[in-house]
Amino acid sequence: MKILIVEDERPIANLIDLNLSASGYQCSCVYDGLEAADLIENHTYDLILLDIMLPGASGYELLEQIRPLGTPVIFITAKGSLQDRVQGLRAGADDYLVKPFEIVELIARVESVLRRTGKTEERYEIGDVIIEPKSMLVSKKGVPIMLTHKEYELLLLFVRNRNIALFRDTIYERVWETEYNGDSRTVDLHVQRLRKKLGWQKCLVAIYKVGYRLEA
């Protein structure tokens, strides 16, 4: 999946690139609106992450060029007022993310937009484990693995954020969709079950006082 990152603040662009690349995406960064326009004209992307305030050409001007191509766009900008968000979505952006943001939220929004626009991956392969989101099937060496609903949601969270450290509170709030109360036993128990079922004792690692990371 090819993603173009159009962001004039290089540290932010490089941070996004680092984390999305670790999650399996093929990323390109550009820091100027006019250079971005040339790339968009000559290359095909599955998703574009687009800042609004850019040198050379603004995000809104680039969006006018992108819309006829049908490529989904997520605005990533410091312009966070309600009026700005409404304007961005009405202009044709598929989502709108305000700086500063958590990387986990960015990846979740990227996955959501790709799913909604029919561009998401049909399956994931992590070693000898295959996950097929459309059919919700998980197999290891061709043998089906039976997971509970929460175990499956936990697996998808790790796979979609592979090589990224996830805090226990983030894991809990994403999978159980409620506020974390400080009790880590629920998360830890489900991780232990997932490790055992998939044989991931070595690659699904615990990070002291933080949470877990899927090394893949």
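So, the nonpolar cores. A nonpolar core here is a set of buried Ala, Val, Leu, Ile, Met, Phe, Trp, Tyr and Cys residues joined through side-chain atoms within 4.5 Å. Buried means under 20% relative accessible area, exposed means over 50%, and partly exposed is in between, with a 1.4 Å probe and protein chains only. The largest core has 48 residues, and L49, V110, I131, F158 and W200 have the most contacts inside it. There's also a second, separate core of 20 residues, with A37, L54, L62 and I66 among them.

Quick word on what we're looking at. This is a predicted model, where local features need pLDDT of at least 70, side-chain atom pairs count only at pLDDT 80 or more, and totals for chains, interfaces and linings use all residues. Residues are numbered from 1 along each chain as its sequence is written, and side-chain values use heavy atoms, with hydrogens and water left out.

Okay, strand β4. Helices (H or I, at least four residues) and strands (E, at least two) are DSSP runs, numbered from the N terminus. Why do we call β4 largely enclosed by the rest of the structure? Because 5 of the 5 residues of β4, residues 73-77, are buried. V73, F75 and T77 point one way, while I74 and I76 point the other way.

Now its neighbours. Two strands pair if DSSP finds at least two bridges between them. β3, residues 47-50, runs parallel to β4 and is joined to it by 3 bridges; I48 has V73 as its bridge partner. β4 also pairs in the parallel sense with β5, residues 95-98, over 4 bridges, and there I74 is partnered with D95.

How do we get from strand to strand? β3, helix α3 (residues 59-66) and β4 make a right-handed β-α-β unit, and so do β4, helix α4 (residues 82-91) and β5. Right-handed means that, with the strands pointing away from the viewer, the path from the first strand over the helix to the second runs clockwise.

G59, Y60, L62, L63 and I66 are buried in it. They cover an arc of only 155° around the axis, so they sit on the same side of α3. That arc is taken from the directions from the helix axis to the C-beta atoms. The cover over these buried residues includes β1, α2, β3, β4 and α4.

G92 is partly exposed, at 32% relative accessibility. It touches L63 and R67, not counting residues up to four places away in sequence; contact means heavy atoms within 4.5 Å. G92 and R67 are 25 residues apart in sequence, yet 7.2 Å apart in space, C-alpha to C-alpha.

Next, the other sheet: an open one of 4 strands, in the order β6-β7-β8-β9, with antiparallel pairing. β6 and β9 stand at the edges with a single partner strand each, so one side of each is left without a neighbour in the sheet.

Most residues other than glycine have a negative phi, and most peptide bonds are trans. The bond from K99 to P100, though, is cis, with omega near -10°. And K209, in the loop between β11 and β12, has a positive phi, near 60°. Is K209 buried or exposed? Exposed, at 69% relative accessibility.
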